[in-house]
Amino acid sequence: PGMDWMSSAALEEVEEATLEQRKRPEGWKGTPAEGIVALDALTEPATFFTGTARAAAASYPKNANIAAALALGTVGLDRLTVRLVADPTIPGPASNIKLRGRAGEISISVKGAALSQRTSRIVPLSVVKA
């Protein structure tokens with residue numbers, strides 16, 4: 001119901017569309033985040049990227065699939081604001097989505113059961129379902 005509601009709401013004016021993706025620091029290894037924050041030394045959350053879904057997908061193609069799907073289903077790649085966070089305090093990947101506009105407001109928080117530090121258990125299930 002979340003994606004359906006957001007894609008329907010996006011047919012009217014949208015004032016805010018944001019996605020925050022959090023992963024443990026080891027989940028961001030092998031990405032440009034390594035050159036921005038000292039992943040191995042983090043003791044508290046660190047935001048290392050804020051920008052459009054298009055920029056997130058270009059810089060973090062293996063990590064921004066949620067951003068791209070949400071943007072394409074709602075406001076577009078250049079209007080969805082994405083924040084990427086390395087967070088040593090969480091047990092696994094987490095996403096917070098917010099869309100606010102004329103049709104109303106929806107906020108969704110997802111705390112995935114970790115399959116690895118890069119992805120949650122729902123990802124392979126989603127592939128199988130498709």
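The count of aromatic pairs comes to four. Keep in mind that the model is a predicted one.

Start with Phe 48 and Tyr 60. Their ring centres are 5.6 Å apart and the planes make an angle of 55°, which puts the pair in the tilted class. Where do Phe 48 and Tyr 60 lie? Phe 48 is in strand 2, residues 46-52, while Tyr 60 is in the loop between helix 2 (53-59) and helix 3 (65-73). The two parts are 12 residues apart in sequence, so the pair ties them together.

Are Phe 48 and Tyr 60 buried or exposed? The cut-off for buried is under 20% relative accessible area. Phe 48 has 8% and is buried. Tyr 60 has 2% and is buried as well.

Now the next pair, which again involves Tyr 60. Phe 49 and Tyr 60 are edge-to-face, with 5.8 Å from centre to centre and 70° between the planes. This pair also links distant parts of the chain: Phe 49 belongs to strand 2, Tyr 60 to the loop between helix 2 and helix 3, and they are 11 residues apart. Phe 49, like Tyr 60, is buried.

Put together, Phe 48, Phe 49 and Tyr 60 belong to one aromatic cluster, and Trp 28 is its other member.

That brings me to a charge next to a ring. Which residue lies over the face of Trp 28? Lys 23 does, at 5.0 Å from the ring centre.

Technical notes. Residues are numbered from 1 along each chain as its sequence is written. This is a predicted model: local features need pLDDT of at least 70, side-chain atom pairs count only at pLDDT 80 or more; totals for chains, interfaces and linings use all residues. Side-chain values use heavy atoms; hydrogens and water are left out. Rings of Phe, Tyr and Trp (its six-membered ring) pair if their centres lie within 6.5 Å; planes under 30 degrees apart count as stacked, over 60 as edge-to-face and the rest as tilted. Helices (H or I, at least four residues) and strands (E, at least two) are DSSP runs, numbered from the N terminus. Buried means under 20% relative accessible area, exposed over 50%, partly exposed in between (1.4 Å probe, protein chains only). A charge sits over a ring if NZ of Lys or CZ of Arg is within 6 Å of the ring centre and within 35 degrees of the ring normal.
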